Amino acid sequence: MNTLPIATARQVRQAAVRLVREDGRAFAAVLLLNGLAALLGLAGPWLLGRIIDRVTHGATTGDIDRLGLLLFGCAVAQILMNRQARYLAHRFGERAAARVREQLLGRVLALPAATAERAGTGDLTSRGTTDATAVGETLRDAAPELFVAAAQALFVLGAILTVSPLLGSCGLLGVVGIALGARWYLRRARAAYLADRAANATLAGTLSATANGARTIDALGLQQQRLDAGRDAIDTANRARLRTLHLRLRFFAVINLSYTLPVVLVLPLGALLVSHHTVTLGAAVSAVLYLRRVEEPLDTIVVLLESVQSSTAAYARVEGLAAAPAPAPTADREPADDRIRVTDVRYAYPDGPDVLHGLDLDLRPGERLAVVGPSGSGKTTLGRLLAGIDRPRTGTITVGGVPLADLSPERLRRQVVLVTQEHHVFLGTLRDNLRIAAPDADDPTLTAALDAVGWHHDLPDGLDTDLGPAHRLDGAQAQQLALARVILADPHTLILDEATALLDPTAARNTERALAATLTGRTVIAIAHRLHTAHDADRVAVLTQGRLTDLGPHEKLVTTDGPYARLWHSWQG
């Protein structure tokens, strides 16, 4: 089930109004130019009707020529206005789409890490790509054209009623049919398109997880399970897409009938009125031409209505991030120092039992603490709590006397940084990737950070090398890059959870020692899966089934008959 919220229809409307207001002059200019173009478009059928009536009454060639030139002039003016209006609409739409993407990026970056993890990459990726793109395209293309088409349809219907109220009433029958069909469609479309978008997000997440874990799937023989999961996701997405298709087919059937009925009625009725001299032949021809012309804007409205419903569902997902759970920081003071205290902490994952039980730990500033224990003992969970990613169920974790979970993300990251074996290499140069942690760092500083983590890789352009398809870093190189960022960020407390797992044992130990030397005076918490890390630490904390069962220096613990000594001797073989 999706853990990220979806905006309501009202919230989407309010967000759209805010977007328009931010660039209101451009939007007003688009509507004005298109309105004038629509008015000029009404001149064609009216002038043609006048020409027919003039010919019928024996007008001269000069009169007809003047009307023909006026008709041509109106057509040229309409083309020029439409072109300028379309140009302004695209500029307005691109600016609005850029604001939507920037707002989306800010909201995604503001999400708590735990919230983003629970949402999954498929949901966040689809909101940031296909959903944001759909919103941008609608703002650029569909929204202005929808307003224009609506204005054109109203103008044309008004012109028909002006030429002949009786013939114009036939055109209104078609509008009534379209209105009833649209009402039926809109009542069902939002839920259907939201389900379609959610199914596509689930499918994207399933395919991404399968692709990223291909080697593990192959090693464990899980191919059939992943195939079944993929087929289920595809079937769900297909059913959701067919639901929207069925809605469109029924809606379009009503629309086609609404187009045909007025023409069927107007032709015989117009002939009857002309034969009884109730209307002129020119007026009847104008009415028929207007009626045929109204089909174009109505058809545009129908087509764009489907597009707008799809993009409205996309916008509901994009705008929904505004309501994503993001606990506001409550700390009103800065930490007094860098001392971290863990007091009677208990933690449980959703719908699960406690994995940490009454943990107490006092971290001295500047010390190097190794956290060891069997798999499943709670080491990674403790690391996440110390990094402020998760909150304790009970108990407190404070830094400098201030609860860690109450700090704002900016203040928290100045205190604690967690580094795991999961990292990301961004598209861009090596310099760009390093400056993420220190935007103002110069090249000697960047090089020193790389040297500190044992970076000895010759890239063709040094710091200017573009990382990406042309130069992909392997896992070990990417891990060293992530550690170099840590040095540049210079946090007060660093938590390493398998941060050197992809390096060979010798390189890992050398890198950890280099980090410790570079971060002298900083607190380093190493969640140790290789016990040589514990050997180099000032103190070792042993977790067993979520409880702290040993704490002290390596030299002391290894001489006792405690949990750490047994782990050490077992690791030594």
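The stops below run from the whole chain to single residues.

**Before starting**

This is a predicted model, in which local features need pLDDT of at least 70 and side-chain atom pairs count only at pLDDT 80 or more, while totals for chains, interfaces and linings use all residues. Residues are numbered from 1 along each chain as its sequence is written, and side-chain values use heavy atoms, with hydrogens and water left out.

**Whole chain**

Display the protein chain as a cartoon: its secondary structure comes to 19 helices and 12 strands. These elements are DSSP runs numbered from the N terminus, helices being H or I of at least four residues and strands E of at least two. Of the 573 residues, 43% count as buried; buried means under 20% relative accessible area, exposed over 50% and partly exposed in between, with a 1.4 Å probe and protein chains only. Among contacts (heavy atoms within 4.5 Å) with a separation of 6 or more, 77% join residues 24 or more positions apart.

**Nonpolar cores**

Select V100, Y185, F251 and Y315 next. These residues have the most contacts inside the largest nonpolar core, which has 41 residues. Such a core is a set of buried Ala, Val, Leu, Ile, Met, Phe, Trp, Tyr and Cys residues joined through side-chain atoms within 4.5 Å. Helices α1, α4 (61–110), α6, α7, α9 (223–275) and α10 each supply at least two residues of this core. A second, separate core has 27 residues, including V371, L386, I527 and L543.

Return to V100 and show its surroundings: leaving out residues up to four places away in sequence, V100 touches L19, V135, L139, Y315 and V318.

**R99 on helix α4**

Move to R99, which lies in helix α4. Beyond its neighbours within four places in sequence, R99 is in contact with L19, E22 and D23. Its side chain reaches the backbone oxygen of L19 at 3.1 Å and makes a polar contact with the side chain of E22 at 2.8 Å. A polar contact is a pair of N or O atoms within 3.5 Å; within protein, one must be able to donate a hydrogen and the other to accept it, and residues adjacent in sequence count only if both atoms are side-chain atoms. A C-alpha distance drawn from R99 to G136, 37 residues apart along the chain, reads 9.4 Å.

**Second largest pocket**

Select V12, A16, V308, T312 and Y315. Of the 21 residues that line the second largest pocket, these are the closest to its centre. By class, the lining has 15 nonpolar, four polar and two charged residues. Ala, Val, Leu, Ile, Met, Phe, Trp, Tyr, Cys and Pro count as nonpolar, Asp, Glu, Lys and Arg as charged, and the others, Gly among them, as polar. Helices α1 (9–22), α6 (121–163), α7 (165–212) and α10 (281–320) each supply at least two residues of the lining. A pocket is an open set of points on a 1 Å grid over the protein atoms alone, where a 1.4 Å probe fits, with protein on both sides within 12 Å along at least five of seven lines; lining residues have an atom within 4 Å of a point.

D390 is in the loop between α11 (379–386) and β4 (394–399). D390 counts as buried because its relative accessibility is 7%, and its side chain makes a polar contact with that of R384 at 2.8 Å.

D344 is in strand β1 (residues 340–348). Its phi is near 50°, a positive value in a residue other than glycine.

Finish at Q545, in the loop between β11 (539–544) and β12 (547–552). Q545 is exposed, with a relative accessible area of 62%.
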